[in-house]
Amino acid sequence: TEHDEYMGSLKAQLAKLFEVSLKVTVPNELDVEPLVAACNGKFGDYQCNNAMGLWSKIKGKGAPFRGPPAVGEAIKNNLPSSEMIESCSVAGPGFVNVVLSKNWMAKSIQKMLIEGIDMWAPLPPVKTAVVDFSSPNIAKEMHVGHLRSTIIGDTLARMLEFSKVKVLRRNHVGDWGTQFGMLIEFLFEKFPNFEDATETAIGDLQAFYKASKQRFDADPAFKERAQQAVVRLQGGEDKYRRAWARICQISRTEFHKVYQRLGVHLEEKGESFYNPYIPGVIEALNKQGLVEESQGARVIFIEGINIPLIVVKSDGGFNYASTDLAALWYRLNEEKAEWIIYVTDVGQQQHFDMFFKAAKRAGWLPQGDSSYPKASHVGFGLVLGEDGKRFRTRNTEVVRLVDLLDEAKVRSKAALIERGKGEEWTEEEIESTAEAVSYGAVKYADLKNNRLTNYTFNFDQMLNDKGNTAVYLLYAHARICSIIRRSGKDIEELKNKGTLVLGHKDERDLGLHLLQFAEVGTMTRFAPCFLTRARFYRVYQNFQVVEEACTNLLPNVLCDYLYNLSEIFSKFYSNPECKVIGSDMETSRLLLCEATAVVMRKCFDLLGIAPIYKI
Ligand code: ARG
């Protein structure tokens, strides 16, 4: 199949060649892992950094080398010949530098143009993954934290899907719990015929929640009824189930509007879904001897953490953690997921840490984090307002998501009209462009930051058409499309009949960056040759960790790649020596423009941003 033919990133392909060389160079050292990194430096494009480490292992054991540089020299000489390599050299204490062949690079890019960008998809070691994201709570407003979860989770899901992983996009909505007793009783009071009550009659569910809470706190009789309602709901009494379902449905409609606008697809399996599984799961853990009694509650102790994970509350009820345990059990055993990714704010880190450890104790997950099945918590920081405090509107309410999207759109539309598009474009074009640009801008502003840091929400910044913003990138892409259109050439025909050549340095730089798309997340720009040995190992080790973390879980790496791509393209395009239209290299350069546009569009796609084609 197509997938078996996958060659891997440049780095992976080179690593395969070096692996062969290492076996020949040091036949007695088993399983030496080739250390290959992009260095994009003046000595080469990639570097193999095994010589020093190997030297310290083999010296004094009668190996036929006189020091790391000699080991490097041997690694170089034993490298199998390959179309992809133009030349190799050894530098400093044995770094083997590789210069890639321009011909091979050009051919590879053209092949991608013909066969499609899917051939550059990475190949992760799992078949099925769950991405648990967005996950707002019923009857509460979706706030900016849920926006972050929705945006980050969607991107992670898209990256995995691109890599042909079957992704179960799970909306773990908070649709269960004691607050429903109060909501249901309040619903009965306000709308005796609650099933006929329309969404608009109930209106703002958040206000409804507040009002019922007030009633709950003020009237002991109501409180009593609400507590009864919880019992009757959990007992499955029909009227209570129907009232609960009605409330969930109203919330769902609201959530759905946001997802639709953001173009995010989710499948709801809320907390209530896992409820029937909880008793069995807890019983199984109990049989394993993991569940203990503590202050009336049933808990699991976790090594190194002084508070235990409560799995049954002292009143016998279940909680967030019980549900998460049941959900994890279900995902592993029923859905056969090998990677389960949870996207929430970092505030929940301890919860996940504890419950993953409990799952490891139970033997559901392997010890350590490098084998599968694996559970990962993808945490993110707060969204801040310009005052540096938690993002709120003037009346200190949480910011409503839809309002943010509305405002971004209004601003984008105004900017388009200011650019004179009002006369040139149809109303529909303006609308759809404003939407693509504004929603793209909101997403990109979030994704471009390292997700763990807080980020400041600022419309002026995110909607700026200069700098590292979606607007700038979308315009850059639209301009490339217009270059191709203006040429009047049929690009599909050129892909097959023309030839792409990387003659000029700026063309080669662009080509290399395009080819490195496949290793987004594994890229590094440090140059080990300038580091001392101790520092080199420290940096390198760090880098390994970063690389691991990047395997689909740090969208900002993809944003950096995209931004760099656009900058490198600009350098090429603005160089008079690289004139496109009308030059004798026109065909080749148009193909390079097209390849850039294709890769940019794939990045947009992975980031959940809709491209625009003209500006
Ligand atoms: N509903 C939770 C919240 O709003 C997020 C749920 C995350 N997913 C999970 N499996 N715990 O904070």
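Visitor: What covers the buried residues of α4?

Guide: This is a predicted model, and in it the cover over the buried residues of α4 includes β4 (95-100), α20, α21 (505-515) and α24. The buried residues themselves are Met105, Ala106, Ser108, Ile109, Gln110, Met112 and Leu113.

Visitor: Why is Glu492 called exposed?

Guide: Glu492 sits in helix α20, residues 491-497. A residue is exposed if 12 or fewer other C-beta atoms lie within 10 Å of its own; Glu492 has 11 such neighbours, so it counts as exposed. From Glu492 to Met112 the C-alpha distance is 13 Å, although 380 residues separate them in sequence.

Visitor: And what makes Ser134 buried?

Guide: The cut-off for buried is 20 or more, and Ser134 has 29 C-beta neighbours inside 10 Å, so it counts as buried. Ser134 lies in the loop between β5 (128-132) and α5 (144-162). Its phi is near 70°, a positive value in a residue other than glycine.

Visitor: Why is Lys164 called partly exposed?

Guide: Partly exposed covers what falls between those two cut-offs. Lys164 has 17 other C-beta atoms within 10 Å, and therefore it is partly exposed. Lys164 is placed in the loop between α5 and β6 (166-171), and it has a positive phi of about 65° although it is not a glycine.

Visitor: Why does Val346 count as partly exposed?

Guide: Val346 has 17 C-beta neighbours inside 10 Å, so it counts as partly exposed. You will find Val346 in the loop between β11 and α14 (349-361). Beyond its neighbours within four places in sequence, Val346 is in contact with Gly379, Phe380, Gly381 and Leu452.

Visitor: Which residues surround the ligand?

Guide: Around the ligand are Asp132, Ser135, Pro136, Asn137, His172, Gly174, Asp324, Ala327, Tyr342 and Thr344. At least two residues of this shell come from α13 (320-333), and at least two from β11 (339-345). By class, the shell has 3 nonpolar, 5 polar and 2 charged residues.

Visitor: Which residues have the most contacts inside the largest nonpolar core?

Guide: Ile341 and Ala441 have the most contacts inside that core, which has 138 residues. Helix α24 (residues 586-607) gives the largest share of this core, 12 residues. Another core lies apart from it, with 20 residues, among them Leu183, Ala226, Leu233 and Tyr240.

Visitor: What is Ile341 in contact with, leaving aside its neighbours within four places in sequence?

Guide: The contacts of Ile341 are Ala129, Val130, Val131, Asp132, Leu156, Ser376 and Val378.

Visitor: Where is the cis peptide bond, and what is its omega?

Guide: The cis bond joins Tyr372 and Pro373, with omega at about -5°. Pro373 lies in the loop between α14 and β12 (374-380).

Methods
Residues numbered from 1 in each chain as written. Predicted model: local features only at pLDDT ≥ 70, side-chain atom pairs only at ≥ 80, totals over all residues. Near = placed C-beta within 6 Å. Helix = DSSP H or I, 4+ residues; strand = E, 2+ residues; numbered from the N terminus. Nonpolar A, V, L, I, M, F, W, Y, C, P; charged D, E, K, R; others polar. Core = buried A, V, L, I, M, F, W, Y, C linked by C-beta atoms within 7 Å. Contact = placed C-beta atoms within 7 Å.
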